[in-house]
Structures are given as structure tokens and as C-alpha cells.
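Take a look at the protein below. This report starts with one residue and then widens the view.

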Amino acid sequence: MESVPHTNSDSNTENPAPHLKNKGLLITGLIIAMLFGALDGTIVGTAMPRIVGEFGGLGLMAWLTTAYMLTSTVVVPIAGKLADLIGRRVIYVTGLIIFIVASALCGMSQNMTELILFRGLQGLGGGIMMPMAMIIIGDIFTGKQRAKWQGVFGAIFGLSSVIGPQIGGWIVDAWNWRWVFYINLPVGILAVILIAIALPKHKATGKVTFDVPGIVTMIVGVVSLLLALTFGGKDYAWGSWQIVGLFVLAAVSLIAFVRIESRAKEPILPVRLFKNKVFTTINGVGFLMAVGMFGAIMFVPLFMQGIVGISASASGTVMTPLMVTMIIASIISGQLVYKLGVRNQMLIGMLVMAVGFYMLSTMGIDTTKLMASSYMVILGLGMGLVMPILTLALQESFPKSELGVVTSSSQFFRQIGGTFGMTILGAIMNHKSTVLLEHDLEPVVKQLPAESSQLANQMTDMIHTNPQGLYSSLLNPETLAKMPKEFVDHMVPLLKNALVTSLQNVFQIGLVFVILGAVLALFIGNMKIAERKSRKKGDKPDDGDLATGMA
């Protein structure tokens, strides 16, 4: 492993104390904050139909998710660096307050534009909150204890994905969609009080220097890249001036960011970290895992609705085994990594994920809900073994003065990987579907009688522009009931065959990314998580409590 120099600059904060009087209170606050922050994404998704029903603006609905995703992603590395510079408590509490205030504003929104703007503000708070919990766990625990708690917090994040839609549905049915946001207020205030009381205040020594040019160029670069990936191939063609312009702006800004970071006194994301073997390989594995993982999560419900023939709400239950298994594996992984070591466990987890992806790629017309759920169990097991130790391995390899920036980098690269995954696999899905549907379905559509010319034109347009939408609408039992039986009998097998073949292709590409992640895991080094060393009262903590043994 290449050594990581510990730079004791004037602006570094004091090392957090390893022993806290209110550790239990602090952990309770962290759990509450992480749970309600993670729940927000899945709860809001459930409320979207009601929001659109009240405000209209169906074309703007995607921005409710996009606005949050943009701001939460771009603020993650900034929050991590600021936590290193001016202290954990002030940054965490600030993020919580932003999230609470934005939640209140979202609930009071009077139109779609206001709601989108406030969702963007909410994303800033969420992007600060999510890495901070892991940073603080890294501060107050080391070695085996840190591994255990990283697994627990990873499980909490997974739990939110399981219970979020159910809670969201209950809130919307019992009250109205505004309470999806208002519910954050009492819970968030409780988390603020607990964390403000229990988390010690750490003052920066000397002058604090903010890397403003680095912040600006990173924001412009990342936002441009995410916008290009989000809207390319959907709202605009990949070769359109809008998408090409965004990619050019992203490239220019990120190149400028790298140059600025190589010279800045306190860079947001120090370039020298990429020279470190552990930093580069761990974040590379996280990126590749996220590319495949988010692709699978996005497309399995489409398979269940289109091929197995279950409802949209029921298709969500297929993901529950994945999340439950991931939760259990996340908790176990915190104990297992102590015996296996980081490299071995990460390799095992990635290979298990690869098996899950291979099984998904074999799904066909005859696949049942039970079979698909069993494949989800395998995939969830692999994810649970890998996800918690991505952050853990970084924390065990760097001094506490850099714990914020390296911890936030783990989440940052995974979020970018998830966006890449959804974009790349979505483009593959659409391309393969278009080729198959043009060959098999379009000739059938052209034979429709003259009175069905409007339907024929709509279907032809969707074949070329939105095949996923075509699957969702034409494989809906209610839609099929309105069509001539002869047409349905001839058309549905063609649609299902195209959908199965396209999804098999998607899962095969996802498998490639996961295998690349497994290969990259081989280069991590023989890292072992050590037991926490006991200290006598008054002993000065060592720099970062590093507890790694590298071969």
C-alpha cells in the first residue's frame, strides 16, 4: 500500500475524542437521522401520482427526483471536506436544519415549480446528512467495532427501501401527500437535539481556507455530467447540441477542477488521494458495483410487470427479498470481515453478485415470481457483503484528519456509478428493444385497419423513441382489454419476446461490470481489520487509530 501522508495544516480540526460521555445518545440520533433521510426518497416516490393530480405538470414530474439527485450528489464531497475543516457537529446540524426547513417548504408548495426548487434545497440537506453518519461512526469507533456499526447503518439504509413505499402509501391514504414532507419535521428536530447534545464541538485551529474555485468547477462539472446522462437519449438525442454541449461543459469544468485541486491548499477532493492504491481500488469497486446494482433494481420490476404479469404495486414486493437479504448480510458482514479480511470478503461479495446477475440474465417467459425473488436473494446477499466495507476499508486506511473527505468520496463515486448504470443500461435496453420491435412488431402495426391509424402512429413513434413506455402500456391488462383479440394474440408474444431478450442483454452487461469490480477487488491488498486497542485514561489517541495490516 502506498503511504498517505498526514498533513497537519493549520485548518485541520482536532481529532474527535475516541471516548464520548453520550455515545448511546449520539448513536440514537445518528440512526434517527439516517432512517428519516433515507426514507424520504422512497416515500416521495409513492406520493408523486397524487402530487401530479393536484398540481398537473406531468412533464415536470421527473424533476422532483432529478433536482434532489443533482444537489445531493454534488454536495457530498463538499460536506466531507468541510467536516474535516470546521468540525462534524456544525456541518451535520446544518445539513439536518436545511433538510427540515426544505421539507416544510415542500409541504407548503403551491405549484410544481416551487416543489421542484424546494426538493433541490432538500437534496442539499440530504447530501450533507448521508455521509456524515458514516464519518462520525469512523470517528468514534475503530477496527472491529467500526465494522459492526458500518454494517448496522448499511442495514438501516436498506431497511428504508423496504418500508418506505408502504409508509408513503399509508401517509398518502390516511392524510394527504403534504404529510410525506411534514413527517420529517418532528423526527428531524429530535435528531438535531440528540446530535447537538451528544456530538462534541471541535474548533478549527488556525485560519480555515475554503477551496471556492474547486467547489465551483466541481459543481458545474458534476451537474453538467449528471444532466447529460439523465436527459440524453430520452428528452434529447445523444447527438443533439444540448447533450453534446453538456458533456463538453462537464469535461472542461472537471479538467479545470483537477488542475485547481492539484494546487489548492485545502482541496475539496485532493488529487494525491488517487495515487493511493486503496483509495483508487475501493472507490473503483464501489463505482462498478453501483453501475450494475442500480441497473438491476431499475429493470426487475419491468420484467415482473411485463412478463410475469403482476401489478405495478405487487412487482415492488419482488425487490423486498433483495433488500431483506442485503440488510441481514450487511449486519453479518461487519463481523465476517474481521475474519476474512477486506479483499477476500469484497471478492466473495462481488462474485455472489455476479451469480445473481447471471441468474437474472437467464429469466425468460416461463420465469415465476418465486424464481425471480430467489435470484434477488442472491443479489442482495452479495450487495450486503460489499457495501458496508467499501466505507470501512477507506476509514481504516486514512488518518482522522482526512476521514471526512475519504468517507464522502465513497458515497460520491457510488452515486455517480448509479447514474451511469441507469443511463448505460437504459440506453442498451432501448436500443435492443428498438431493433427487435422494428423487425418484428412494426410490420404488424402497419397492418392495423384504417380506423386504428392513430393508435398505429402512437405505437410506431414509441417503438423508435420510448420502447420502455410501450412495454408498460401495452402489457397492462386494462389496455389489452380494449384492443381486438386477434391483434392482442399476435402482438403480445412479440412484445414479450422483445422485452425478455432486451432485459437479458441488460443483465449480461450488468454482469460484466460486476465481474470487472471483482477483478479490481483483487488489487486491494491483504487488509485486515484489527481489534480496537484499549487505552488507559489520559492516553493520547494515535493519529486516526489506524488498525490495518497490509501485506
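Ser502 is found in helix 20, residues 485-521. Helices here are DSSP runs of H or I with at least four residues, strands are E runs of at least two, and both are numbered from the N terminus. The model is predicted, so to speak of local features takes pLDDT of at least 70 and side-chain atom pairs count only at pLDDT 80 or more, while totals for chains, interfaces and linings use all residues. Residues are numbered from 1 along each chain as its sequence is written, and side-chain values use heavy atoms, without hydrogens and water.

Is Ser502 buried or exposed? Ser502 is buried, with a relative accessible area of 0%. Buried means under 20% relative accessible area, exposed over 50%, and partly exposed in between, with a 1.4 Å probe and protein chains only.

Which residues does Ser502 touch? Leaving out residues up to four places away in sequence, they are Met429, Lys432, Ser433, Leu436 and Tyr471. Contact means heavy atoms within 4.5 Å. Ser502 and Val435 are 67 residues apart in sequence, and their C-alpha atoms are 9.7 Å apart.

Now the whole protein. It has 20 helices and two strands. Buried residues make up 54% of its 551 residues. Of the contacts with a separation of 6 or more, 83% join residues 24 or more positions apart.

Next come the nonpolar cores. A nonpolar core is a set of buried Ala, Val, Leu, Ile, Met, Phe, Trp, Tyr and Cys residues joined through side-chain atoms within 4.5 Å.

| Core | Size | Some members |
|---|---|---|
| Largest | 126 residues | Leu30, Tyr92, Met353 and Phe507, among others |
| Second, separate | 19 residues | Met48, Leu64, Cys106 and Val172, among others |

Met353 is among the residues with the most contacts inside the largest core. Not counting residues up to four places away in sequence, Met353 touches Met289, Met293, Leu379, Gly382, Met383 and Val514.

Last, a pocket. The second largest pocket is lined by 13 residues. Nearest its centre lie Leu254, Phe257, Leu269, Phe412 and Phe413. On a 1 Å grid over the protein atoms alone, a pocket is an open set of points where a 1.4 Å probe fits, with protein on both sides within 12 Å along at least five of seven lines; lining residues have an atom within 4 Å of a point. Helix 15 gives the most to this lining, with four residues.
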